[in-house]
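Work through the exercises below with the model open beside you. Try each task before you read its solution.

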Amino acid sequence: MEAIYDYTVKDVGGKSISMKDYKGKVLLIVNTATGCGFTPQYEGLENLYQEFQKEGLEILDFPCNQFGNQAPGSNEEIQSFCQLRYHTTFKTFAKIKVNGEDAAPLYQFLKSQQKGLGEAIKWNFTKFVVDRNGNVVKRFASATSPEKIVSTIEKLL
């Protein structure tokens, strides 16, 4: 597979979602965790979504339990936590792995396109920005807050 739109992911209920559904959108793809020091970034992510969704931004939230067991719970529990605690309205997907042999194919692709921070995802809340044509244009480390990527997103919208 060579383009982001070739991939299929699972939603919280296990339903397959084609990445083709996001053609023409600017994407911010994030591996998240509910029990991490970076978890408050959900607030910043939701603020970005509220500000730029009408202009074509979609945030895709992929919970991941590979880093310090910080995303325990079922897909539904994670989604509920995010909606209740941080009032998230962007899409939360089923829990995935982002590293190793069992890494989700979408994440294998993202990492192959943006190796600037090394191949492996180092921690929760690593962010990938994808332009309207499906090109993975930037990768941000966990410590980079959503507020610090506004200019990157604005340029693509």
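The model is predicted: local features need pLDDT of at least 70, side-chain atom pairs count only at pLDDT 80 or more, and totals for chains, interfaces and linings use all residues. Residues are numbered from 1 along each chain as its sequence is written, and side-chain values use heavy atoms, with hydrogens and water left out.

**Exercise 1.** Find the side chain of opposite charge nearest to K127, and list the polar contacts that the K127 side chain makes.

Solution. 
- Step 1: locate the residue. K127 is in strand 6, residues 127-130. Strands are DSSP runs of E with at least two residues, and helices are runs of H or I with at least four, numbered from the N terminus.
- Step 2: check the charge. K127 is buried and has no salt bridge. Buried means under 20% relative accessible area, exposed over 50%, partly exposed in between (1.4 Å probe, protein chains only). A salt bridge needs a side-chain nitrogen of Lys or Arg within 4 Å of a carboxyl oxygen of Asp or Glu. The nearest side chain of opposite charge is E147, 8.5 Å away. Lys and Arg count as positive, Asp and Glu as negative; His and the chain ends are not counted.
- Step 3: look for polar partners. The side chain of Q41 makes a polar contact with that of K127 at 2.9 Å. The backbone oxygen of S142 lies 3.4 Å from a polar atom of the K127 side chain. A polar contact is a pair of N or O atoms within 3.5 Å; within protein, one must be able to donate a hydrogen and the other to accept it, and residues adjacent in sequence count only if both atoms are side-chain atoms.

**Exercise 2.** Which parts of the chain does the pair of F67 and W123 link?

Solution. 
- Step 1: count. There are 9 aromatic pairs. Rings of Phe, Tyr and Trp (its six-membered ring) pair if their centres lie within 6.5 Å; planes under 30 degrees apart are stacked, over 60 edge-to-face, the rest tilted.
- Step 2: classify. F67 and W123 form a tilted pair, 5.5 Å centre to centre with 45° between the planes.
- Step 3: F67 is in the loop between strand 4 (57-63) and helix 2 (75-86), and W123 in the loop between helix 3 (105-113) and strand 6, 56 residues apart.
- Step 4: F67 is buried at 8% relative accessible area. W123 is partly exposed at 31%.

**Exercise 3.** Is C82 buried or exposed?

Solution. 
- Step 1: C82 is in helix 2.
- Step 2: its relative accessibility is 0%, so C82 counts as buried.
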